[in-house]
Amino acid sequence: GFGFKIIEHLIKEAKKLNINKLSLETGSGDFFIPARKLFKKVGFKECVPFAHYKEDLNSFYMSLDI
């Protein structure tokens with residue numbers, strides 16, 4: 001429950017700052033499945049690497065249009 005509340009708070013604050021997209025990088029391994037499920041629950045979708053990131057088998061990229 002706390003992770004969900006924290007992400008909701010970050011999204012709310014991003015909206016206040018007129019940020020229209022949030023992007024994140026997390027791990028691709030099984031250890032990170034709970035994190036990826038949480039991000040999907042709030043609407044993040046898989047995306048291609050962004051900013052300085054490059055394709056990496058150990059990374060999983062997600063973004064949320066807000």
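Is T26 buried or exposed? I started my notebook with that one, and T26 turns out to be buried, with a relative accessible area of 9%. Buried means under 20% relative accessible area, exposed means over 50%, and partly exposed is in between (1.4 Å probe, protein chains only).

**Ground rules.** I'm looking at a predicted model, where local features need pLDDT of at least 70 and side-chain atom pairs count only at pLDDT 80 or more, while totals for chains, interfaces and linings use all residues. Residues are numbered from 1 along each chain as its sequence is written, and side-chain values use heavy atoms, with hydrogens and water left out.

**The overall layout.** I found two helices and three strands in the protein, and along the sequence they follow the pattern α-β-α-β-β. Helices (H or I, at least four residues) and strands (E, at least two) are DSSP runs, numbered from the N terminus. I noted that the C-alpha trace spans about 35 × 30 × 15 Å along its principal axes. Of the 66 residues, 24% are buried.

**The sheet.** I traced an open sheet of three strands in the order β1-β3-β2, with antiparallel pairing. β1 (21-27) and β2 (45-46) stand at the edges with a single partner strand each, so one side of each has no neighbour in the sheet. Strands pair if DSSP finds at least two bridges between them, and I found two bridges joining β2 to β3 (residues 59-65). Looking up E46, I got M62 in β3 as its bridge partner.

**Back to T26.** I placed T26 in strand β1. Then I listed its contacts (heavy atoms within 4.5 Å). Leaving aside neighbours within four places in sequence, T26 is in contact with F32, A35, R36, N58, S59 and F60.

**R36.** That list sent me to R36, which is found in helix α2 (residues 33-41). A salt bridge needs a side-chain nitrogen of Lys or Arg within 4 Å of a carboxyl oxygen of Asp or Glu. I did see the side chain of R36 reach the backbone oxygen of G27 at 2.7 Å. Not counting residues up to four places away in sequence, R36 touches T26, G27, S28, G29, F60 and M62.

In it, the side chains of K16 and E13 meet at 3.1 Å, N to O. K16 and E13 are three residues apart in helix α1 (residues 2-16), so about one helical turn separates them. I checked their cover too: K16 is exposed, with a relative accessible area of 56%, whereas E13 is partly exposed at 28%.

**S63.** My last stop was S63 in strand β3. S63 is buried, with a relative accessible area of 12%.

Definitions and conventions
A polar contact is a pair of N or O atoms within 3.5 Å; within protein, one must be able to donate a hydrogen and the other to accept it, and residues adjacent in sequence count only if both atoms are side-chain atoms.
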